Amino acid sequence: MATAPSIAYSPPRRSDAEMLDAAQAFFDRMRSRRTVRDFSCDPVDPELIRLAVRTAGTAPSGANQQPWSFVAIGDPETKRAIRIAAEEEERRFYEERAGEEWLDALSPLGTDAEKPFLETAPWLIAVFAQRWGLNDEGGRVKHYYVPESVSIAIGLLIASLHSAGLATLTHTPSPMAFLNRICGRPENEKPLVLLVVGHAAEGARVPAISRKDESEILFWKVVE
Ligand code: IYR
């Protein structure tokens with residue numbers, strides 16, 4: 001193997017019992033997460049947003065190119081502009097583009113084209129994937145495994161916010177090109193997700209849906 005510069009990495013080794021406790025505690029925390037659509041307008045400390053984005057930025061990425069940008073939107077005017085643009089796309093989606101099969105799949109969620117949470121929630125985080133990078137001369141630099149890398153980062157973003165006690169909604173109005181215009185991001189960046197962040201409203205309700213059982217998602221190949 002070619003010799004790239006390296007540094008020592010020696011994370012403390014834990015006992016099996018400690019590891020199981022840590023994994024169980026993390027699972028218990030994460031399984032309590034629910035996607036929320038009913039947000040309180042209570043403010044949220046921007047430090048929590050900063051830490052969550054820094055956490056997202058620890059994700060592994062193709063060739064360590066870290067092909068992500070995050071725009072944290074807290075001002076009412078920008079939130080309003082996003083709501084207006086998103087609802088316009090969503091109306092087209094629900095009335096024309098989705099089709100019967102997709103609408104059937106969505107019916108347990110009870111969603112529609114109205115997106116008041118885009119204004120109610122204190123923060124929106126627009127996540128952009130850098131489809132290509134730019135070198136010092138402005139030339140294109142190829143990026144690898146971009147959707148995979150940014151999706152992992154989004155998972156960490158959601159885990160951080162949830163572990164802090166905040167509610168999130170992974171919102172994906174499609175197409176989302178309006179986010180480039182409103183957030184002032186360049187054309188090499190493709191919006192992947194608009195994460196809505198805040199506290200759940202008092203009395204908030206979530207769909208009565210469940211997660212798949214372990215037996216449906218985990219398949220072992222081990223020595224019998
Ligand atoms: N973007 C639309 C529709 C939507 C699509 C899927 I797939 C969902 O899991 C949820 C909603 C909306 O936000 O209403």
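**Surface.** I began with the accessible surface of the protein, which comes to about 14700 Å², with 54% of it belonging to carbon and sulfur atoms. Accessible areas are from the Shrake-Rupley method with a 1.4 Å probe, and for residues only the protein chains shown count as cover.

**Basis.** This is a predicted model, in which local features need pLDDT of at least 70 and side-chain atom pairs count only at pLDDT 80 or more, while totals for chains, interfaces and linings use all residues. Residues are numbered from 1 along each chain as its sequence is written, and side-chain values use heavy atoms, with hydrogens and water left out.

**Fold.** I looked up the elements and found eight helices and six strands. Helices (H or I, at least four residues) and strands (E, at least two) are DSSP runs, numbered from the N terminus. Their order from the N terminus is α-α-β-α-α-α-β-β-β-α-β-α-β-α. The C-alpha atoms fill a box of roughly 55 × 50 × 40 Å along the principal axes.

I then checked burial: of the 224 residues in the protein, 36% are buried. Buried means under 20% relative accessible area, exposed over 50%, and partly exposed in between (1.4 Å probe, protein chains only). Of the contacts (heavy atoms within 4.5 Å) with a separation of 6 or more, 81% are between residues 24 or more positions apart.

**Ligand.** Which residues surround the ligand? I listed R37, E90, F93, Y94, W102, L106, L109, T111, D112, K115, H171 and T172; a residue is counted if one of its heavy atoms lies within 4 Å. The side chain of Y94 has an N or O atom 2.5 Å from a ligand oxygen. For E90, a polar side-chain atom is 3.0 Å from an oxygen atom of the ligand, and for H171 the corresponding distance is 3.3 Å. Alone, the ligand exposes 380 Å², and the protein buries 72% of that.

**Backbone.** I found a cis peptide bond from S174 to P175, with omega near -5 degrees. P175 sits in the loop between β5 (167–171) and α7 (178–183).

A63 is not a glycine, yet has a positive phi of about 50 degrees. I placed A63 in the loop between α2 (46–56) and β1 (68–73). N64 is in the loop between α2 and β1, and its phi is near 50 degrees, also positive in a residue other than glycine. Are A63 and N64 buried or exposed? A63 is exposed at 62% relative accessible area, and N64 is exposed at 53%.

Note on methods. Polar contact = N/O pair within 3.5 Å; in protein donor to acceptor, adjacent residues only side chain to side chain.
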